[in-house]
Amino acid sequence: MHENTNTTDQADGQPTPAEAAGSSSITEAAAPSLSADPSEPVRFDTKVVVVLRDDLQPWQELNVTAFLMSGIATSGEGLVGENYRDADGNDYLPMLRQPVMVMTADADKLRSIRTKAMGRGIPTAIYTEELFSTGHDAANRAAVAGVPAEELNLVGVALRGPKNGVDRVVKGARMHA
């Protein structure tokens, strides 16, 4: 069960004192509040959100989400849990320890989300339309490096940061259907 992610947004979009104080320690904030009772919901201090441009083909949505989440999963220690093991003793790779929200927005909103996230110091992964035609990591980085930030043709962004800050940044995006 995931906790409710609805929040009340400040109209001015400025960080609260708690957000400002916590923005430099996002890695430590990723640790959940653990309960002795495994049936109790786990509370996370951070939130992970992927926002996809609303005109992508299904294969593109999956591809962009996978690439963006690789950036989030490798962005700090403690984000990935332990290996999984089935009853027969087979081991499986670990996964991100907290829920991921997937949302959609139009191109203008994606640009706004990127700008706000960067302004708040929220760790952000991006995927541009040009990356659909590149064939390797160096070409991906070169495709992004050749474009000024405000001109990036974004098809997806992923954020990990303090819950209230992330909620404010993605305000106006819709849950993916």
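In which sense do E1 and strand E6 (residues 154-162) pair, and over how many bridges? The model shown above is a predicted one. In this model E1 and E6 pair in the antiparallel sense, and seven bridges hold the pairing.

In general, strands of a sheet pair through backbone hydrogen bonds, either parallel or antiparallel.

Next, follow the sheet from E1 to E4. Strand E1 (residues 46-53) and strand E4 (residues 100-105) pair in the parallel sense, with six bridges. Within this pairing, valine 51 has methionine 103 in E4 as its bridge partner. From E4 the sheet continues to strand E7 (residues 174-175), which runs antiparallel to E4 and is joined to it by two bridges. Here threonine 104 has arginine 174 in E7 as its bridge partner.

A loop residue also reaches towards the sheet. Glutamine 98 lies in the loop between strand E3 (91-92) and E4. The side chain of glutamine 98 reaches the backbone oxygen of threonine 46 at 2.9 Å. Glutamine 98 has a relative accessible area of 8%, so this residue counts as buried.

Leucine 154 is a residue of strand E6. With a relative accessible area of 3%, leucine 154 is buried. What is leucine 154 in contact with, leaving aside its neighbours within four places in sequence? The contacts are Arg53, Leu110, Arg111, Arg114, Ile126, Tyr127 and Thr128. The C-alpha atoms of leucine 154 and lysine 109 are separated by 10.0 Å, and these two residues are 45 residues apart along the chain.

Now turn to the charged side chains. Side chains of opposite charge can pair when their charged atoms come close. A search of the whole structure finds eight salt bridges. One of the salt bridges is formed by aspartate 167 and lysine 47, whose closest N and O atoms are 2.4 Å apart. This pair links distant parts of the chain, since aspartate 167 is in helix H6 (residues 163-169) and lysine 47 is in strand E1, 120 residues apart. Aspartate 167 counts as buried because its relative accessibility is 8%. Lysine 47, with a relative accessible area of 8%, is buried too.

Arginine 53 and aspartate 55 also form a salt bridge, with 2.6 Å between the closest N and O atoms. Are these residues buried or partly exposed? Arginine 53 is buried, with a relative accessible area of 10%, whereas aspartate 55 is partly exposed at 48%. The pair is part of a network of salt bridges that links Arg53, Asp55 and Glu129.

A further salt bridge joins the side chains of aspartate 137 and arginine 141, at 2.1 Å from N to O.

How values were computed:
Residues are numbered from 1 along each chain as its sequence is written. This is a predicted model: local features need pLDDT of at least 70, side-chain atom pairs count only at pLDDT 80 or more; totals for chains, interfaces and linings use all residues. Side-chain values use heavy atoms; hydrogens and water are left out. Two strands pair if DSSP finds at least two bridges between them. Helices (H or I, at least four residues) and strands (E, at least two) are DSSP runs, numbered from the N terminus. A salt bridge is a side-chain nitrogen of Lys or Arg within 4 Å of a carboxyl oxygen of Asp or Glu. Buried means under 20% relative accessible area, exposed over 50%, partly exposed in between (1.4 Å probe, protein chains only). A polar contact is a pair of N or O atoms within 3.5 Å; within protein, one must be able to donate a hydrogen and the other to accept it, and residues adjacent in sequence count only if both atoms are side-chain atoms. Contact means heavy atoms within 4.5 Å.
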